[in-house]
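Here are a few friendly notes to read alongside the model. Please keep the structure open as you go through the points.

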Amino acid sequence: MKRSSLIVLGLMAVLSGCSRQSEENAQAPAADTIIQAAIPEPRSVTGAFLASHFAQSQYDWKTADKYLEQVMEADPGNAELVKRAMILAVGSGDMPRAALRAKELVKADPKDGLALLVLSVNALTTGDPAGASSFLKAMPEGDLTSFIKPLLLGWVRAGEGKLEKADLNETFIHNYHYACMALMLGKTDIAKNAVRRMIDGSELPTYDAERVGDLLAAVGETEDALSVYRSLGEQNGTSGDLNRKIEALQGGGGIEALLPPLRIKTPAQGAAMAMYDMAFVLYQEYSDTSAKIFAQMAHALDPSMSEAQVLLGDILARNGRYDEAITYFSSIPKTDHSYLASQRHAADLLAEAGRDSEARALLNKLFTENNDTEALIRIGDLYRQQENYGSALKIYNQAADHIGGKIPEKYWYLLYARGMAYEREGEWSKAESDLKAALGYRPDNPYLMNYLGYGWADQGINLDQSLALIRRAVSLRPTDGYITDSLGWVLYMMGQYEDAIPHLERAVELLPYDPTINDHLGDAYWRTGRRLEARFQWERARSNAGPEDGELKTVIAQKLENGLGSPDKVKAASILPIAPDASVKGAMAR
């Protein structure tokens, strides 16, 4: 069974009383201001209960906890209410309050696994490892227990100077923590052996592979660590942290602060990492309610652990709690390795909340005070997303001047973003130059291939090269509707109308409401004599076009009136499908 499935199964029972709103809809609307306006002060126990449920569904756990407290005053012996209140207290970051409720639960049921876990975490946070050990040993057997209990007990024993493998299994996370325990105790040779067990020849996910690199660097295997980091950079693009790790290893110093295994100095910090691992896996599964609980436990165990703060911010942002998320990101100190990335993300959230001027001000401050080129590039991105391409280009060129000389691989995404802005401004030669340079750095990036190939095809140039690029992009992203549309459109521009239709039909299946893609399919139908189907697609395109699609609407109206002329006289609306902005942001340090 996959480690994520194991964890989720173990949590389904103990967290069944929690809201699963976030698991069902990870893109909830912003709710920071909705809660206050939508929940009047309840006047009855029933009203307080309903208000608590609604607040929790909107991810406002503090308000939910406050109203549930009113319900508990009327029914203090209700174990289900106490458990729910305990969970809300943990999720709100109030571990002492959660521990009081956990004690009530354990009195009624000494084998309540989640309550015992809360008590063990609270004991570690208050400097009582013996108490933590006692609570952990009392936890009943089960999927959750078999996974988390050995890790926490292992860290408690490591605090006593003992390194024990017996209760740990051979999963990646357990081996990772065993290596970290060995490092904390100065047993480097044992840590090296543990790392070797983690490398069993199978392909590791990106996150796990970077952790292997971190351990290799921590045990002094510098060349092997560099090899792992460089391989990750080639496959996925180098993030800010990855770049810094490579530079630190090549420079011969400063790597310690970047390696989580070396930052663990106490059992509580090790336990915090274990709880963070649980939270991270659950977050990847979109089990945000459960992820938030474990992330808060990690934060309680190690308040300086920026990874937990960032994850809490990400969870809150994904559920529309932008102000709370920004608070977490903003609270990370300047001395922390993730400070700049967190501040940039706070700026992203300000922009998503419509507070563009605040976002630009924050990014400008990062550039001015920290010489942060990536913050400057993000200002350009904000202008580009607002379709203010002239201002975007001004900022992108300022960033390029600040870098000086040829833009290096580290900033390949600047070339990509500037190329898109140039194309939108009608400066194709400059756009082509930037896109080709970016593709030179990232030859396997399907969005770059698509943008450059579509740009050529839309102008009727380099069609053979365009077709080759986009075929390759489709092979890398076969379910991307925009890229599939590009393949059909290149074939259309080459006059291969029959060959274009299956790809354009597939693109419409993938993105049925995209006006440009429907328009393309209509054109292909018309060229092959399927006139009624063509008009149907054009009508669909027109009905799905928004206020920003004025040029497209005009072109479609002409087609519906007159059809298409000869291929050498009629050109479809030049609307290049924008690659997902995450493909640019994903390359930037977070």
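1. Arg418 counts as buried because its relative accessibility is 12% (buried means under 20% relative accessible area, with a 1.4 Å probe and protein chains only). Arg418 sits in helix 25, residues 412–424 (helices are DSSP runs of H or I, at least four residues, numbered from the N terminus).

2. This is a predicted model, where local features need pLDDT of at least 70, side-chain atom pairs count only at pLDDT 80 or more, and totals for chains, interfaces and linings use all residues. Residues are numbered from 1 along each chain as its sequence is written, and side-chain values use heavy atoms, leaving out hydrogens and water.

3. What surrounds Arg418? Leaving aside residues up to four places away in sequence, Arg418 touches Leu393, Tyr396, Asn397, Ala400, Ile407 and Asp434 (contact means heavy atoms within 4.5 Å). With Asn397, the side chains also form a polar contact of 2.9 Å (a pair of N or O atoms within 3.5 Å, one able to donate a hydrogen and the other to accept it; residues adjacent in sequence count only if both atoms are side-chain atoms).

4. Thr63 belongs to helix 5, residues 61–74. At 16% relative accessibility, Thr63 is buried, and its side chain makes a polar contact of 2.6 Å with the side chain of Asp60.

5. Helix 29 (residues 481–493) passes helix 31 (residues 515–527) with axes that come within 10 Å and cross at roughly 30 degrees (axes are lines fitted to C-alpha atoms over the stretch in contact, and angles run from 0 to 180 degrees between N-to-C directions). Helix 29 is therefore roughly parallel to helix 31 (angles under 35 degrees). Among the residues making the contact are Trp489 of helix 29 and His520 of helix 31.

Conventions: Helix = DSSP H or I, 4+ residues; strand = E, 2+ residues; numbered from the N terminus. Buried < 20%, exposed > 50% of the residue type's maximum accessible area, 1.4 Å probe, protein only. Parallel < 35°, antiparallel > 145°, perpendicular 65-115°, else oblique.
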